[in-house]
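Welcome, and please have a look at the model below.

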Amino acid sequence: MTQSAIDGPVHHAGEPAQPAHSERQPGPGGTWRKAAVIAAAGVPVGLLWWLLAPSGLNVLTGNPDLAAGTNTATWLPRDLVLAGLCLLAGCIAGSFVAGNKHQQPGPGAVILVVLAGAAGALIAWGTGVLSAQWWGAPADTSASASVAFSLRSYAVLAIWPAAIALAIFLNSLFPGNGGKPRRGGARKMIG
């Protein structure tokens, strides 16, 4: 005898209906905590920007010609390092809050975490500039303000929140199963 496939638990008459998953639904406090973590991630991103970027500590290239902000060839790579770090942070944060196919964030939560991403980008920018002022060599900015460790293209700051929004959007289009095996798949009973 073959029994049809059942996906999930069976509900018998007279028994109270139980949800298929007993996972805890994140409340508004969970969304605020996630937003705070995303914004606070701006501090390590800003420190990494100063450590890796040309005219910062320049760990990424190690080229002494790129260590000084007076070399105009360092200005674009300096902005691109922050852009790459913001993109990475935004993708990680977006996947962190995207949820799964059973629990997707509401519009308010999405707006909150995107704003937290914008705050994180601003914090990263400020942290990088402050790190350069504290631990970097003094720069003569009389020729150009870009000689000092700074950001020339402010559009870079939009990458982090845009990456969060894109990651959440893509997760809503392609939710997947969250890496969890299916429960109650097709069974064949012989009797």
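What follows is a short tour from the overall fold to single residues.

**Basis of the report**

This is a predicted model, in which local features need pLDDT of at least 70, side-chain atom pairs count only at pLDDT 80 or more, and totals for chains, interfaces and linings use all residues. Residues are numbered from 1 along each chain as its sequence is written, and side-chain values use heavy atoms, with hydrogens and water left out.

**Overall picture**

The chain has five helices and zero strands, and its elements run α-α-α-α-α from the N terminus on. Helices here are DSSP runs of H or I with at least four residues, strands are runs of E with at least two, and both are numbered from the N terminus. Of the 191 residues of the chain, 32% count as buried. Buried means under 20% relative accessible area, exposed means over 50%, and partly exposed lies in between (1.4 Å probe, protein chains only). Among contacts in the chain with a separation of 6 or more, 78% join residues 24 or more positions apart; a contact means heavy atoms within 4.5 Å.

**How the helices pack**

Two packed helices are described by the angle between their axes and the distance between the axes. The axes are lines fitted to C-alpha atoms, for helices over the stretch in contact, and angles run from 0 to 180 degrees between N-to-C directions.

| Helix pair | Axis distance | Crossing angle |
|---|---|---|
| α2 (residues 42-52) and α4 (residues 107-135) | within 7 Å | roughly 45° |
| α4 and α5 (residues 159-173) | 7 Å | about 150° |
| α2 and α3 (residues 75-97) | within 9 Å | roughly 145° |

Let us start with α2 and α4, whose axes come within 7 Å and cross at roughly 45°. That makes α2 oblique to α4. For these orientation words, angles under 35 degrees count as roughly parallel, over 145 as roughly antiparallel, 65 to 115 as roughly perpendicular and the rest as oblique. α2 passes α4 in a right-handed crossing. A crossing is right-handed if the near helix is turned clockwise from the far one by less than a right angle, and left-handed if anticlockwise. On the α2 side, G42, V43, V45, G46, L47, W49 and W50 take part, and they meet G120, I123, A124, W125, T127, G128, V129, S131, A132 and W135 of α4. The residues of this contact of α2 with α4 comprise 11 nonpolar, six polar and no charged. In this scheme Ala, Val, Leu, Ile, Met, Phe, Trp, Tyr, Cys and Pro count as nonpolar, Asp, Glu, Lys and Arg as charged, and the others, Gly among them, as polar.

α4 also packs against α5, at an angle of about 150° and with the axes 7 Å apart. The two helices, α4 and α5, are therefore roughly antiparallel to each other. Their contact brings together V110, V113, V114, G117, A118, G120, A121 and A124 of α4 with W160, P161, I164, A165 and I168 of α5. By class, the contact of α4 with α5 has 11 nonpolar, two polar and no charged residues. α4 passes α5 in a right-handed crossing.

The contact of α2 with α3 pairs V45, L48, W49 and L52 in α2 with R78, V81, L82, L85 and A89 in α3. Its residues divide into eight nonpolar, no polar and one charged. Here too, α2 passes α3 in a right-handed crossing.

C86 sits in helix α3 and counts as buried at 0% relative accessibility. Leaving aside residues up to four places away in sequence, C86 touches A121, V156, I159 and W160. C86 and G120 are 34 residues apart in sequence, yet 8.8 Å apart in space, C-alpha to C-alpha. Another cysteine, C91, is partly exposed, with a relative accessible area of 39%. The count comes to zero disulfides, where a disulfide is a pair of cysteine sulfur atoms within 2.5 Å.

L115, found in helix α4, counts as exposed at 54% relative accessibility. L115 and A162 are 47 residues apart in sequence and 10.0 Å apart in space, C-alpha to C-alpha.

The loop between α2 and α3 holds S55 and also N58. S55 has a positive phi of about 70° although it is not a glycine, and N58 has a positive phi of about 65°, again without being a glycine. S55 is buried, with a relative accessible area of 12%, and N58 is buried at 4%.
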